[in-house]
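This briefing goes with the model displayed below. Please keep the structure open while reading the points that follow.

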Amino acid sequence: MNSATSSPAGPPAILDELVARGATLAVAESLTGGLLAAAFVEVPGASRVFRGGVVAYATDLKATLLGVPTPLLDAHGPVDASVAAALAAGARERCGADWAVATTGVAGPDPQAGQPVGRVYVAVVGPSLAHGDPERVEVREFTLAGDRSAIRRGAVDAAVALLAEALAITLTPR
C-alpha cells in the first residue's frame with residue numbers, strides 16, 4: 001500500500017465509538033514519537049477511554065517496556081510486521097486497554113536495518129471477535145513518501161485509519 005489518509009475527525013469518531021462500547025485504548029509508538037497519542041489526547045474527553053501510551057524509540061526499549069521478544073527483534077529488526085503486532089500487544093497488556101495501536105518504521109533521512117525510508121508498519125490489537133478466540137490482530141505495511149515529517153504524519157494517519165477499520169467506523173476522506 002502506498003499511502004494512508006484519515007479524516008481529521010478520525011480520532012474523535014474513534015473515541016466516541018470506544019465510549020459507546022465501554023472500551024479503552026492505548027498506543028505504542030516508535031517513529032511517530034508521541035504524535036499518535038497526541039492525535040487522541042487533543043480531543044476533549046479523551047480521558048474517558050485513552051489509557052496511555054509508550055514511546056519506545058530505542059530498539060532495546062521495545063523489549064524492556066513493551067515485551068517485544070528479543071529474539072524477534074534480533075531476527076527481524078525493529079521495523080517489521082511481527083514487531084508492530086508485538087508492540088501493540090505490549091501496549092494493550094501493559095496499559096490495561098481493550099484496544100491498542102502501534103507504529104514502527106523508518107522516517108529517514110537514512111534507511112535503517114535494511115528497511116528503506118518510508119517503510120512503515122502499523123498494527124492494531126483488540127478483543128477477539130468470538131468468545132474463546134485469541135485477540136484480534138491487524139497489521140499493515142505502508143510505503144510512505146515525503147520528508148521525515150510527512151512520513152511521521154502519514155504513519156499517524158495510517159494508524160488512525162487501521163484502528164477505525166478494525167472498529168468498523170467509516171471515516172470521511174480528506
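The model is predicted. Its protein chain holds 6 helices and 5 strands, and 51% of the 174 residues count as buried.

**Overall layout**

- Read from the N terminus, the elements follow the order α-β-α-β-α-α-α-β-β-β-α.
- Among contacts in the protein chain with a separation of 6 or more, 66% are between residues 24 or more positions apart.

**Nonpolar cores**

- In soluble globular proteins, nonpolar side chains tend to be buried together.
- The largest nonpolar core contains 35 residues. Ile14, Leu25, Phe40, Trp99, Val101 and Leu163 have the most contacts inside this core.
- At least two residues of this core come from each of helix 1 (10–21), strand 1 (25–29), helix 2 (35–41), strand 3, strand 4 and helix 6 (148–166). Helix 6 gives the largest share, 10 residues.
- Leaving aside neighbours within four places in sequence, the contacts of Val101 include Leu25, Val27, Leu36, Val122, Val124, Ala159 and Leu163. Val101 is also in contact with Ala26, Ala28 and Ala88.
- A second, separate core has 24 residues, and Ala26, Ala28, Val68 and Ala88 are among them.

**Salt bridges**

- Side chains of opposite charge can pair when their charged atoms come close.
- Glu17 and Arg21 form a salt bridge with an N to O distance of 2.7 Å. The two residues are separated by about one helical turn because they are 4 residues apart in helix 1. Both ends are partly exposed: Glu17 has 26% relative accessibility and Arg21 has 40%.
- In the salt bridge between Arg94 and Glu93, the closest N and O atoms are 3.5 Å apart. Arg94 is partly exposed at 44% relative accessibility, whereas Glu93 is exposed at 54%.
- Arg119 pairs with Glu141 in a salt bridge, again with the closest N and O atoms 3.5 Å apart. This pair links distant parts of the chain, with Arg119 in strand 4 and Glu141 in strand 5, 22 residues apart. Arg119 has a relative accessible area of 18% and is therefore buried; Glu141, at 37%, counts as partly exposed.

- Lys62, in helix 3 (residues 59–66), is buried but has no salt bridge. The nearest side chain of opposite charge belongs to Asp60, 7.9 Å away.
- The side chain of Lys62 does reach the backbone oxygen of Tyr57, at 3.0 Å.
- Not counting residues up to four places away in sequence, Lys62 touches several others, including Ser30, Val68, Leu73, Pro78, Leu87 and Thr104.
- Arg136 is located in strand 5 (residues 136–143). The side chain of Arg136 makes a polar contact of 3.4 Å with the side chain of Glu138 and reaches the backbone oxygen of Ala166 at 2.9 Å.

- A cis peptide bond runs from Gly108 to Pro109, with omega near 15 degrees. Pro109 sits in the loop between strand 3 (99–105) and strand 4 (119–126).
- Ala113 is found in the loop between strand 3 and strand 4. Ala113 has a positive phi, near 50 degrees, although the residue is not glycine. With 56% relative accessibility, Ala113 counts as exposed.

Methods
Residues are numbered from 1 along each chain as its sequence is written. This is a predicted model: local features need pLDDT of at least 70, side-chain atom pairs count only at pLDDT 80 or more; totals for chains, interfaces and linings use all residues. Side-chain values use heavy atoms; hydrogens and water are left out. Buried means under 20% relative accessible area, exposed over 50%, partly exposed in between (1.4 Å probe, protein chains only). Lys and Arg count as positive and Asp and Glu as negative; His and the chain ends are not counted. A salt bridge is a side-chain nitrogen of Lys or Arg within 4 Å of a carboxyl oxygen of Asp or Glu. A polar contact is a pair of N or O atoms within 3.5 Å; within protein, one must be able to donate a hydrogen and the other to accept it, and residues adjacent in sequence count only if both atoms are side-chain atoms. Contact means heavy atoms within 4.5 Å. A nonpolar core is a set of buried Ala, Val, Leu, Ile, Met, Phe, Trp, Tyr and Cys residues joined through side-chain atoms within 4.5 Å.
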